Each structure stands twice: as structure tokens, then as C-alpha cells.
Amino acid sequence: QVQLVESGGGLVQAGDSLRLSCAASGRTFSSLAMGWFRQAPGKEREFVAAITRSGGATYYADSMKGRVTISRDNAKNTVYLQMNSLKPEDTAVYYCAATMVLLSSSNYRKREIYGNWGQGTQVTVSS
């Protein structure tokens, strides 16, 4: 079983930046592909970004492409989400997720392939 702990959320103003972190334990980190999702009040959880096991490929939601960067440090068992030019509509709980499934262009945004989830970290962007 994989344990995931997110951190780095908070209250920021529109235009600010935040870097979220997700520390993983319980399984060899380099065997896991990682993703970030978010859920705003009253809305479904949606895909934000994903990264393959080696970090060689990344995937992004169209709504955030150009404003976010996902990266990983396999030596630190940590995945990051750098978010820039934040907007009020980015306000949500951000979740880290892990999967043993090999990511591809056909599956990376599907919640059901991610078998492990963190507890989430709140990001609030004020206007």
C-alpha cells in the first residue's frame, strides 16, 4: 500500500504562485506513475497533471497547460506541482495520486487507474 501526503497549499492572491509537494512511502517510488487532481466545491474531481515513473513524460490538463509544471525527485520520493499565475477558479482541494499502471496518452487522465490517493491540500486563490 502506498501512502501519499500532500503539502504546500494555502491562501494566495490571483497571479501568485504555489508549489505543492506529495511525499510517497510504502512502495518503491520509481515504480509509480504520479498524478495531481483537484476538486472544487460542488464539482467532480478533475485531472491536472501526470508524470511517468522516470519523469520522462508529462501530461497536463488543457485548462492549466502553460501555468503548471509537474516534476518528481525519485531520490526524495516526492512529486511536485508548480502552479503559476493562479486564478480564483483554481481554488480547490488538490490531490496527489499514484498508480502502478503504465501511463499513456489514452489513460493518464482517468481517475480509475490511480489506486492510491492522498488526503488533499486546500488551495484558495482570492481575487
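These legends describe close-up views of a predicted model.

**View 1. Salt bridge between Arg38 and Glu46.** Arginine 38 and glutamate 46 form a salt bridge in which the closest N and O atoms are 2.6 Å apart. In the whole model, the count of salt bridges comes to five.

**View 2. Salt bridge between Glu44 and Arg111.** The closest N and O atoms of glutamate 44 and arginine 111 are 3.9 Å apart, and the pair forms a salt bridge. Arginine 111, at 37% relative accessibility, counts as partly exposed.

**View 3. Salt bridge between Lys65 and Asp62.** The side chains of lysine 65 and aspartate 62 meet in a salt bridge, at 3.4 Å from N to O. Lysine 65 is exposed, its relative accessible area being 53%. Aspartate 62 also counts as exposed, at 62% relative accessibility.

**View 4. Aromatic pair Phe37 and Phe47.** Six aromatic pairs are found in a search of the whole structure. In the pair shown, the ring centres of phenylalanine 37 and phenylalanine 47 are 5.7 Å apart and the ring planes stand at 80°, so the arrangement is edge-to-face. Phenylalanine 37 is in strand β4 and phenylalanine 47 in strand β5, and the pair, 10 residues apart, links distant parts of the chain. Both phenylalanine 37 and phenylalanine 47 are buried. The two rings are part of one aromatic cluster, which also contains Tyr59, Tyr108, Tyr114 and Trp117.

**View 5. Arginine side chains over aromatic rings.** Two contacts between an arginine and a ring are shown here. The charged end of arginine 45 sits over the ring of tyrosine 95, at 3.6 Å from the ring centre. Arginine 72 lies over the face of phenylalanine 29, and here the distance to the ring centre is 4.3 Å.

**View 6. Four-stranded open sheet.** The sheet is open and consists of four strands in the order β1-β3-β8-β7, with antiparallel pairing. The edges are formed by β1 (3-7) and β7 (68-73); each has a single partner strand, so one side of each is left without a neighbour in the sheet. On average, neighbouring strands of this sheet are turned by 15° against each other, direction ignored.

**View 7. Pairing of β7 with β8.** The edge strand β7 pairs with strand β8 (residues 78-83) in the antiparallel sense, over six bridges. Within this pairing, threonine 69 stands opposite glutamine 82 in β8.

Note on methods. Residues are numbered from 1 along each chain as its sequence is written. This is a predicted model: local features need pLDDT of at least 70, side-chain atom pairs count only at pLDDT 80 or more; totals for chains, interfaces and linings use all residues. Side-chain values use heavy atoms; hydrogens and water are left out. A salt bridge is a side-chain nitrogen of Lys or Arg within 4 Å of a carboxyl oxygen of Asp or Glu. Buried means under 20% relative accessible area, exposed over 50%, partly exposed in between (1.4 Å probe, protein chains only). Rings of Phe, Tyr and Trp (its six-membered ring) pair if their centres lie within 6.5 Å; planes under 30 degrees apart count as stacked, over 60 as edge-to-face and the rest as tilted. Helices (H or I, at least four residues) and strands (E, at least two) are DSSP runs, numbered from the N terminus. A charge sits over a ring if NZ of Lys or CZ of Arg is within 6 Å of the ring centre and within 35 degrees of the ring normal. Two strands pair if DSSP finds at least two bridges between them. Axes are lines fitted to C-alpha atoms, for helices over the stretch in contact, and angles run from 0 to 180 degrees between N-to-C directions.
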